[in-house]
Amino acid sequence: MTSTHTGDVDIATLTDEVIRSFDGTPNVRTKAIVTALVRHLHNFVREIEPSLPEWETAIEFLTAVGKKCDPVRQEFVLLSDVLGVSMLVETINDQQAPGATDSTVLGPFHMTESPARQLGDTIDEVGAPQHLLVTGTVRSTQGEPLPHATVDVWQCNEEGFYDVQQPDLQPAGNGRGLFTTDQQGRFWFRTVTPSHYPIPTDGPVGELLHATGRHPYRPAHIHFIAAAPQHRPLTTHIFMPGSPYLDSDAVFAVKHSLVGDMGTADAEHAAQFGVEIGSPLATVDLVLAPAAPGGTDAP
Ligand code: BEZ
Ligand code: FE
């Protein structure tokens with residue numbers, strides 16, 4: 001676009017003028033962030049050259065995103081997810097230690113506290129006919145089991161809905177559990193096999209997906225946050241192998257290392273965990289990186 005001078009505003013120098021307005025920002029990090037924000041935002045506008053009605057639509061869209069947020073719905077997280085920003089932030093912050101389990105997005109459904117449960121409990125409070133046994137360990141990158149680690153688990157049901165999406169059909173806490181590993185760093189629980197599901201599309205993010213011809217689906221998965229003293233907390237999923245949408249997750253959160261290890265329970269599992277031989281089994285090993293020395297990331 002050619003440089004134009006309108007009144008006192010020269011659009012060729014406006015960006016620098018706005019950036020200079022933040023020169024007195026005392027916090028260095030805040031200054032760097034607002035400066036980069038202005039630079040990128042102005043470049044975006046210069047590239048798009050929005051008409052005034054288009055800019056109004058943009059403001060209305062962001063307003064609608066804000067209005068859709070409530071204590072159980074976070075439309076801004078959803079927007080960040082479908083734009084791939086959540087995954088970018090997650091990956092930038094995932095200081096990979098060799099051997100540690102990969103992290104992935106938290107998602108918007110971890111807004112209620114998971115009920116504390118005993119090892120071996122089911123997280124299905126509805127009484128679904130078939131249960132999946134999940135057994136796993138929490139370990140350090142040195143291979144040491146981590147006793148008394150917490151393992152927070154949440155997932156949707158076999159129809160693809162989280163408890164908070166169906167308050168009339170699912171009790172609060174269904175599909176959720178907070179477990180503590182035993183002396184050998186082990187945890188195990190029973191659940192239902194989660195389904196793939198669409199992220200919520202009844203808001204402005206859904207309209208964005210619709211307008212751009214994108215599907216809203218996520219492959220089937222179980223969420224985990226594992227935490228232990230002196231270790232970095234790990235936010236991750238295990239994905240169900242063979243699930244639809246593993247190659248086109250609406251929020252770009254699949255890492256192939258996180259596609260789960262599924263099998264069926266043998267006689268030993270049956271005796272140890274009280275499940276029927278042949279029932280579905282998922283094995284999940286969560287390996288936590290050491291906390292940064294002097295860091296604040298260990299619980
Ligand atoms: C989830 O896995 O719960 C999720 C993640 C991102 C957007 C919507 C849902
Ligand atoms: Fe999920």
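Buried here means under 20% relative accessible area, with exposed being over 50% and partly exposed in between (1.4 Å probe, protein chains only).

## What you're looking at

This is a predicted model, where local features need pLDDT of at least 70, side-chain atom pairs count only at pLDDT 80 or more, and totals for chains, interfaces and linings use all residues. Residues are numbered from 1 along each chain as its sequence is written, and side-chain values use heavy atoms, leaving out hydrogens and water.

## Aromatic rings

Both Phe187 and Phe189 are buried. Tyr162 is buried at a relative accessible area of 0%, and Tyr197 is buried at 3%.

Phe187 and Phe189 have ring centres 6.5 Å apart and planes at 15°, so they count as stacked. Ring pairs also tie Phe179, Phe187, Phe189 and Phe224 into a cluster.

## Residues around the largest pocket

For a pocket, picture a 1 Å grid over the protein atoms alone: it's an open set of points where a 1.4 Å probe fits, with protein on both sides within 12 Å along at least five of seven lines, and lining residues have an atom within 4 Å of a point. The largest pocket is lined by 15 residues, with Phe44, Trp55, Ala58, Phe61 and Leu62 nearest its centre.

Key. Chains lettered and ligands numbered in written order. Phe/Tyr/Trp six-rings, centres within 6.5 Å; stacked < 30°, edge-to-face > 60°.
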